[in-house]
Structures are given as C-alpha cells and as structure tokens.
Amino acid sequence: VKANSPIQEIRDFQGRTLVSTEGTTPLKTAIRVNAEHNLGMRIVKTPDHARAIDMVASGEADGFVMDDVLLYGLAAGRPDPKALKVVGRFMTTEPLAIMLPKNDPEFKKLVDEEMRRLITSREIYPIYDKWFNKPIPPNNTVLNLPVSYLLRDFWKYPTDQVPF
C-alpha cells in the first residue's frame, strides 16, 4: 500500500481496490477471503507484478497482494522506495527450497549439514542481513525485509522437510 495509507490488514480493504498478478496463489486467496468475509473488495488481475505495483503507486489500486519478498523487492526498486509499505499478516505461505541435483546424497548431506550449522550457530542472521537489509550491488538496493516470524520459527528446528 502507499506509505500514507491507513490500511493495515486485509479487512481494511473493505470496499477498496486490491490488485494482484494473474495465476498466483495470493490472488486466489484474496478472491476467497473477499467472498468468505463479504468484504466487497474490487479485485483486479494484472499480467505482471510491475503493472500491479504501478497501479498502487498511481492510486489506481489501494493495495497489491503478493509474496512478501516480492513486495519488498518491488518497492525497493521504485524511484522512491519509502512511498510504499508492506502491511498485514501472511495470507499464504509458499514453500521455498534450495535446489540440488538428484541422486547425489553426499552433496545433499553436505548442504544439509552446512545449513544446520549456519542456523544453529546463528551465522545465518548476518548472511540474511547482507542480502535483505543491506545495499545489494550493483544498484545498492536495500530491501529492508525483516526476518519473518515463520522463517524464525523454521530456523528453530532446521529440517529438509517442507510442511504442508
């Protein structure tokens, strides 16, 4: 939403316009939540994230529902990143993972052990800060993406299993 918007959560969109990218889980969830809670939102589908963020910046839409990391990245890439803010609780969670080659158990074991070591030693925090809270080359863009409560919980119990 715009930085000066009073909207803080999905229910605040009652009677307002919400935009999302066609074919995404957040769009499907927004449609479902709108119907379940009778919010009367006008939900607009766009072909891509760039159009959706432009609609919020121009005032054509009151907000854009999407994955948090994408929202922070899109806002950070704007001419005035502070003109937009990410609000609300997660509406969806998407399983993300490290892709590994199949049938290489030794490499998988090495990756699993190193990830577990980084998490348990807490070395993961400065690595996270480097990529999500500090300037990223080549444009020195700062995402300002805090560690979410879900990620922090996952770091308490490192696993290679994706919960559903």
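1. The model is a predicted one, in which local features need pLDDT of at least 70 and side-chain atom pairs count only at pLDDT 80 or more, while totals for chains, interfaces and linings use all residues. Residues are numbered from 1 along each chain as its sequence is written, and side-chain values use heavy atoms, with hydrogens and water left out.

2. The protein has six helices and three strands, taken as DSSP runs (helices H or I, at least four residues; strands E, at least two) that are numbered from the N terminus. Read from the N terminus, the order of these elements is β-α-β-α-β-α-α-α-α, and the C-alpha trace spans about 55 × 35 × 25 Å along its principal axes.

3. Helix H5 (residues 124-132) packs against helix H6 (residues 149-156) at an angle of about 150°, with the axes 13 Å apart; axes are lines fitted to C-alpha atoms over the stretch in contact, and angles run from 0 to 180 degrees between N-to-C directions. H5 is therefore roughly antiparallel to H6, a term used for angles over 145 degrees. On the H5 side Ile-124, Tyr-125 and Tyr-128 meet Leu-151, Arg-152 and Trp-155 of H6, where contact means heavy atoms within 4.5 Å. The residues of this contact divide into five nonpolar, no polar and one charged.

4. Two backbone features fall in loops. Pro-137 and Pro-138 are joined by a cis peptide bond with omega of about 5°, and Pro-138 lies in the loop between H5 and H6. Asn-38, although not a glycine, has a positive phi of about 50°, and its place is in the loop between helix H1 (25-36) and strand E2 (42-46).

Methods. Angles under 35 degrees count as roughly parallel, over 145 as roughly antiparallel, 65 to 115 as roughly perpendicular and the rest as oblique. Ala, Val, Leu, Ile, Met, Phe, Trp, Tyr, Cys and Pro count as nonpolar, Asp, Glu, Lys and Arg as charged, and the others, Gly among them, as polar.
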